[in-house]
Amino acid sequence: MHDENYIQEEKGIKVAELIEDFLGARAVRKPSEHTLMAYRRDLMTVLRLIGEDVTLRDLSPRSLRTAFAAFAAGRAPASVYRAWSSWN
């Protein structure tokens with residue numbers, strides 16, 4: 001029962017918070033400031049395409065595919081690959 005409660009709490013975590021955690025972990029590797037800014041911009045753009053105040057519970061393969069399709073329109077393949085690799 002404890003594990004089920006923990007899982008439900010985890011699903012309620014806002015994805016924007018997880019993105020900041022990810023960027024904090026990346027910063028330890030000392031990438032350029034521009035690289036971190038690009039990661040943040042890409043990840044937050046995809047997140048906004050999914051919706052407002054998105055939690056883990058809100059994510060699905062369909063919502064991610066739809067958001068990435070919209071994100072990819074008009075962007076260079078390298079930008080799309082960078083964002084895709086960050087989400088995976």
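Residues are numbered from 1 along each chain as its sequence is written, and side-chain values use heavy atoms, with hydrogens and water left out. Because this is a predicted model, local features need pLDDT of at least 70 and side-chain atom pairs count only at pLDDT 80 or more, while totals for chains, interfaces and linings use all residues.

Now the overall picture. The protein has five helices and zero strands, so reading along the sequence gives α-α-α-α-α. Helices here are DSSP runs of H or I with at least four residues, strands are runs of E with at least two, and both are numbered from the N terminus. Of the 88 residues, 25% are buried. By buried I mean under 20% relative accessible area, by exposed over 50%, and partly exposed is in between, using a 1.4 Å probe and protein chains only. A contact is heavy atoms within 4.5 Å. Taking contacts between residues at least 6 apart in sequence, 62% join residues at least 24 apart.

Let me settle on helix H3, residues 33-50. How far apart are the end C-alpha atoms of H3? They are 26 Å apart, which agrees with the 26 Å that 18 residues should span at 1.5 Å a residue. The expected span is 1.5 Å times one less than the number of residues.

The buried residues of H3 are Leu36, Ala38, Tyr39, Asp42, Leu43, Thr45, Val46 and Leu47. They pack against helix H2 (15-27), helix H4 (61-72) and helix H5 (77-87). Arg48, also in H3, is exposed, with a relative accessible area of 53%.

For the terms, axes are lines fitted to C-alpha atoms, for helices over the stretch in contact, and angles run from 0 to 180 degrees between N-to-C directions. Under 35 degrees counts as roughly parallel, over 145 as roughly antiparallel, 65 to 115 as roughly perpendicular, and the rest as oblique.

From H2, the contact uses Val15, Ala16, Ile19, Glu20, Phe22, Leu23, Arg26 and Ala27, and from H3, Leu36, Tyr39, Arg40, Leu43, Met44 and Leu47. By class, these are eleven nonpolar, no polar and three charged residues. Ala, Val, Leu, Ile, Met, Phe, Trp, Tyr, Cys and Pro count as nonpolar, Asp, Glu, Lys and Arg as charged, and the others, Gly among them, as polar.

Next, how do H3 and H4 pack, and at what angle? The angle is about 120 degrees, with the axes 9 Å apart, and that makes H3 oblique to H4. On the H3 side we have Asp42, Thr45, Val46, Leu49 and Ile50, and on the H4 side Ser63, Leu64, Ala67, Phe68, Ala70 and Phe71. This contact has eight nonpolar, two polar and one charged residues.

The last pair is H4 and H5, whose axes come within 10 Å and cross at roughly 155 degrees. These two are therefore roughly antiparallel to each other. Leu64, Phe68, Phe71 and Ala72 of H4 meet Ser79, Val80, Ala83, Trp84 and Trp87 of H5. That contact divides into eight nonpolar, one polar and no charged residues.

Ser79, in H5, is worth a look. Leaving aside neighbours within four places in sequence, Ser79 is in contact with Asp42 and Phe71. Ser79 and Tyr39 are 40 residues apart in sequence, with C-alpha atoms 9.4 Å apart.

Finally, the stretch after H3. Just after that helix, Gly51 takes a positive phi of about 160 degrees. Most residues other than glycine have a negative phi. Asp53 is not a glycine, yet has a positive phi of about 50 degrees. Asp53 sits in the loop between H3 and H4.

Which of these is buried and which exposed: Asp53 or Thr55? Asp53 is exposed, at 57% relative accessible area, whereas Thr55, in that loop too, is buried at 11%. Not counting residues up to four places away in sequence, Thr55 touches Lys11, Gly12, Ile13, Lys14 and Val15.
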